[in-house]
Amino acid sequence: MLKFRSMVNNAVELSAGITDDPFGVVKDDPRFTRSGRFMRRTSLDELPQLFNVLIGQMSLVGPRPDIPEQVAGYSVSDRRRLAVLPGITGWSQIHGRDEIEWPERIAQDVWYISNWSFWLDMKIVVGTFAQFTRDEPDPVHDVVNADRNREALGHAEPVAPDVD
């Protein structure tokens, strides 16, 4: 999946001391570059994914793709998200985005897959444009995803910052 870089190169390593979720974000996250914060807020970092759509790896609408480390932590029921191509935008992106926790996001993605229609996709596309003018949301601290992400990286306990 192509995407413009919005965070510094070693963002996962720098997550220690910022958040216990190595792939999560926090309000005013210092790992974002100056331009990256703007790109994330406006979703411009997603534009390169149009190429992924053109070559058939993604859809315009569908559950947002997760990184392999997150997919490794999926439960059997979470894997239902993988039944369809991932999308640039989706039901969860217009109904909470980073402000909802993993169980709600999964429930929304499963609802979308079960209720898919062309008109539902059109409703999501229209709703996505409304997201461009939104204020930067306060990301939710997603305990379920934080635990899974630490496990996927081989960390049983929350990652602690290096102290020298």
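Guide: The chain has a mean pLDDT of 76, with 63% of its residues at 70 or more; pLDDT is the predictor's confidence in each residue, from 0 to 100. This is a predicted model, in which local features need pLDDT of at least 70 and side-chain atom pairs count only at pLDDT 80 or more, while totals for chains, interfaces and linings use all residues. Residues are numbered from 1 along each chain as its sequence is written, and side-chain values use heavy atoms, with hydrogens and water left out.

The chain contains eight helices and two strands, where helices (H or I, at least four residues) and strands (E, at least two) are DSSP runs numbered from the N terminus. In sequence order the pattern is α-α-α-β-α-β-α-α-α-α. Where pLDDT is low, the predicted coordinates should not be read in detail.

Now the interior. Of the 164 residues in the chain, 39% are buried; buried means under 20% relative accessible area, exposed over 50%, and partly exposed in between (1.4 Å probe, protein chains only). The largest nonpolar core has six residues, V61, W91, I94, Y112, L120 and I124. Such a core is a set of buried Ala, Val, Leu, Ile, Met, Phe, Trp, Tyr and Cys residues joined through side-chain atoms within 4.5 Å. Helix 5 (91-94) and helix 7 (118-131) are the elements that give two or more residues to this core. With residues up to four places away in sequence not counted, I124 touches V61, T89, G90, W91, I94 and Y112. Another core, of five residues, lies apart from it and includes V71, Y74, I106 and V110.

Q108 counts as buried because its relative accessibility is 9%. Its contacts, leaving aside neighbours within four places in sequence, are W91, S92, H95 and I100. With S92, Q108 also makes a side-chain polar contact of 3.0 Å. A polar contact is a pair of N or O atoms within 3.5 Å; within protein, one must be able to donate a hydrogen and the other to accept it, and residues adjacent in sequence count only if both atoms are side-chain atoms.

W102 is also found in helix 6, and its relative accessible area of 2% makes W102 buried. The side chains of W102 and D78 are joined by a polar contact of 3.2 Å. Between W102 and D78 there are 24 places in sequence, and their C-alpha atoms are 9.6 Å apart. Across the chain, 70% of contacts between residues at least 6 apart in sequence join residues at least 24 apart.

The whole structure holds three of them. The F118 and W119 rings form an edge-to-face pair, because their centres are 5.1 Å apart and their planes at 80°. Rings of Phe, Tyr and Trp (its six-membered ring) pair if their centres lie within 6.5 Å, with planes under 30 degrees apart counted as stacked, over 60 as edge-to-face and the rest as tilted. F118 is partly exposed at 46% relative accessibility, whereas W119 is exposed at 66%.

How values were computed. Contact means heavy atoms within 4.5 Å.
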